[in-house]
Amino acid sequence: MRIALEPVSSRTTIQEGVYQQLRNALMAGNFDPGQTLTIASLAETFGTSNMPVREALRRLAAENALEVAANGSARIPIVTLARLDDLCRARIAVEGLAAELGIPRLTATDIATLERIAAEQHAIGRSSNVYELMARNQQFHFTIYRASGSEVLLQLIETLWLRFGPYMRMLSASVEPLMRSGEIDPAGSHFPIIEALKAGDFARARDGVVADIRRTHEILRDYCPATEDEPRAKGPASALRR
């Protein structure tokens, strides 16, 4: 189940509502790399005029989440190996710092929340609901990052996740059949992070967050084309089972 785009009705929130729903859908990897989003179709989905959709697309293009054509339609960026490597380097640097700052500030309630999310991921994995799983993954990471207390880091991380959306879409398509067959652990590397937090080993917990990003990077490299013109590789499923 993907994040559903819903009609926006309140006049005071129409523009912001369209923007936030599209933003959340992009971060969750709801759109295919290279997919075209037209103003008319989105306006019909949201039940609005073209204006708030056009403004939302403009804002998202300014964040490099979309590529806007001269006619106003938008395209989800194509995935390439170079962009993947660049994004993951940035994610490790920025999210590693947010984790380093946030982990010592996590409360017992926060850690209990992380445990609940990981348990939900495990349960969701058995039903093969890959989009719910991706949403829980985002909740898990941002629970840690918000504890950093850094508004600047959070804004940077959100921008990176926006640009990472097409890669999450590609990852979800690769993971779903292996989740269905029970060949991979849906909670990924989140349980070791929780164990480190409970032990008070902040460095190990931070390293676990970075390892989670590195593992995603490693998996996606097997599926990413080197250039925009190359077909997407199918990649060995063995990388997902490690």
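Begin by selecting helix α1 and colouring its buried residues, which are Ile14, Val18, Tyr19, Gln21, Leu22, Arg23, Ala25, Leu26 and Met27. Here, buried means under 20% relative accessible area, exposed means over 50%, and partly exposed lies in between, computed with a 1.4 Å probe and protein chains only. Helices (H or I, at least four residues) and strands (E, at least two) are DSSP runs, numbered from the N terminus.

The model is predicted, so that local features need pLDDT of at least 70 and side-chain atom pairs count only at pLDDT 80 or more, while totals for chains, interfaces and linings use all residues. Residues are numbered from 1 along each chain as its sequence is written, and side-chain values use heavy atoms, with hydrogens and water left out.

Keep α1 selected: the helix covers residues 14-27, and its 14 residues reach 20 Å from the first C-alpha to the last. This is close to the 20 Å expected at 1.5 Å a residue; the expected span is 1.5 Å times one less than the number of residues. Gly29 follows α1 and has a positive phi, near 75 degrees.

Next, select Leu22, which is in helix α1. Is Leu22 buried or exposed? Leu22 counts as buried because its relative accessible area is 1%. Which residues does Leu22 touch, not counting those up to four places away in sequence? Show Leu5, Phe31, Leu42, Phe46, Ala56, Leu57 and Leu60; a contact means heavy atoms within 4.5 Å. Draw a distance from Leu22 to Val53 as well: these residues are 31 apart along the chain, and their C-alpha atoms are separated by 9.3 Å.

**Helices α2 and α3**

Two packed helices are described by the angle between their axes and the distance between the axes. Select helix α2 (residues 39-46) and helix α3 (residues 50-62), which pack at an angle of about 115 degrees with their axes 9 Å apart. The axes are lines fitted to C-alpha atoms, for helices over the stretch in contact, and angles run from 0 to 180 degrees between N-to-C directions.

The crossing of α2 and α3 is right-handed. A crossing is left-handed if the near helix is turned anticlockwise from the far one by less than a right angle, and right-handed if clockwise. On the α2 side, display Ile39, Ala40, Leu42, Ala43 and Phe46; they meet Asn50, Val53, Arg54 and Leu57 in α3. By class, this contact of α2 with α3 has seven nonpolar, one polar and one charged residues. Ala, Val, Leu, Ile, Met, Phe, Trp, Tyr, Cys and Pro count as nonpolar, Asp, Glu, Lys and Arg as charged, and the others, Gly among them, as polar.

**Asn64 and the sheet**

Move on to Asn64, in the loop between α3 and β2. Asn64 has a positive phi, near 65 degrees, although it is a residue other than glycine. Most residues other than glycine have a negative phi. Asn64 counts as partly exposed because its relative accessibility is 43%.

Now select the strands. In what order do the three strands of the open sheet lie? The order is β1-β3-β2, with antiparallel pairing. The edge strands β1 (36-37) and β2 (67-68) each pair on one side only. Strand β3 (residues 74-75) and β2 pair in the antiparallel sense over two bridges; strands pair if DSSP finds at least two bridges between them. Highlight Val68, whose bridge partner in β3 is Ala74.

Select Thr107, in the loop between α4 (81-102) and α5 (108-127). Thr107 is partly exposed because its relative accessibility is 39%. Thr107 and Ala147 are 40 residues apart along the chain, with 9.0 Å between their C-alpha atoms.

Then show helix α6 (residues 130-146) with helix α9 (residues 202-221): they pack at an angle of about 145 degrees, with their axes 12 Å apart. Here the crossing is left-handed. The contact is made by Asn137, His141, Ile144 and Tyr145 of α6 and by Val209, Asp212 and Ile213 of α9.

**Met170 and the whole chain**

Select Met170, in helix α7 (residues 151-181). Met170 counts as buried because its relative accessibility is 1%. Met170 and Leu220 are 50 residues apart in sequence and 7.8 Å apart in space, C-alpha to C-alpha.

Finally, display the entire chain, with its ten helices and three strands. Buried residues make up 50% of its 242 residues.
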